[in-house]
Amino acid sequence: MASSFKSGFFLIESRMRDAALGDPRAYYELGIAYSSGSGGVDVDLIEAHKWFNLAALGGNDRAQACRAEIAEDMSAREIAEAQRQARAWLGATTRRAA
């Protein structure tokens, strides 16, 4: 069990590093992790929607479908928060890259 926790943590950590570099595949994989509770994270639909939104902006069609699917289980307020967080992520990572 401890080994699977470590590997899950490593997955999230490595995906976060790649996401910070603007990798749409990492965004998508983080969306999957947060929507399913895999990789050592709890299910968090706001966080999942944020990552799927970023992946969709990067051209990932599967992310668009996943974002729409989880949005059905979210309130308008939760979706707005996920969108706010996605904009904040883009703003923060764009400033770092400049």
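**Salt bridges and a helix pair**

Modeller: This is a predicted model, and the count comes to six salt bridges when a side-chain nitrogen of Lys or Arg has to lie within 4 Å of a carboxyl oxygen of Asp or Glu.

Biologist: OK, what makes Glu13 and Arg17 a salt bridge?

Modeller: Their N to O distance is 3.5 Å. The cut-off is 4 Å, so the pair passes.

Biologist: And where do Glu13 and Arg17 sit?

Modeller: Both are in helix α1, residues 2–20. They are four residues apart, about one turn of the helix.

Biologist: Is Glu13 buried, exposed or partly exposed, and how do you know?

Modeller: Glu13 has 34% relative accessibility. Buried means under 20% and exposed means over 50%, so Glu13 lands in between and is called partly exposed. Arg17, at 46%, also falls between those limits, so it counts as partly exposed too.

Biologist: How do you know that Arg25 forms a salt bridge with Glu29?

Modeller: Their closest N and O atoms are 2.9 Å apart, and the limit is 4 Å, so they qualify. The two residues are four apart in helix α2, residues 24–36, so about one helical turn separates them.

Biologist: Which label does Arg25 get for accessibility, and why?

Modeller: Exposed, because its 58% is over 50%.

Biologist: What about Glu47 and Lys50: buried or exposed?

Modeller: Both are buried, which means under 20% relative accessible area. Their side chains meet in a salt bridge at 3.1 Å, N to O. They lie three residues apart in helix α3, residues 45–57.

Biologist: Which residues do shared partners join into one network?

Modeller: Arg15, Asp18, Arg25 and Glu29.

Biologist: Now the helices. How do the axes of α2 and α3 cross?

Modeller: They come within 7 Å and cross at roughly 160°. Angles over 145 degrees count as roughly antiparallel, so that is what α2 is to α3. The crossing is left-handed.

Biologist: Which residues make the contact?

Modeller: From α2, they include Tyr27, Tyr28, Leu30 and Ile32. From α3, they include Leu45, Trp51, Phe52 and Leu54.

Biologist: How do the contact residues of α2 with α3 divide into nonpolar, polar and charged?

Modeller: Twelve are nonpolar, two are polar and one is charged. Glu47 is part of this contact, and Glu counts as charged.

Technical notes
Residues are numbered from 1 along each chain as its sequence is written. This is a predicted model: local features need pLDDT of at least 70, side-chain atom pairs count only at pLDDT 80 or more; totals for chains, interfaces and linings use all residues. Side-chain values use heavy atoms; hydrogens and water are left out. Buried means under 20% relative accessible area, exposed over 50%, partly exposed in between (1.4 Å probe, protein chains only). Axes are lines fitted to C-alpha atoms, for helices over the stretch in contact, and angles run from 0 to 180 degrees between N-to-C directions. Angles under 35 degrees count as roughly parallel, over 145 as roughly antiparallel, 65 to 115 as roughly perpendicular and the rest as oblique. A crossing is left-handed if the near helix is turned anticlockwise from the far one by less than a right angle, and right-handed if clockwise. Contact means heavy atoms within 4.5 Å.
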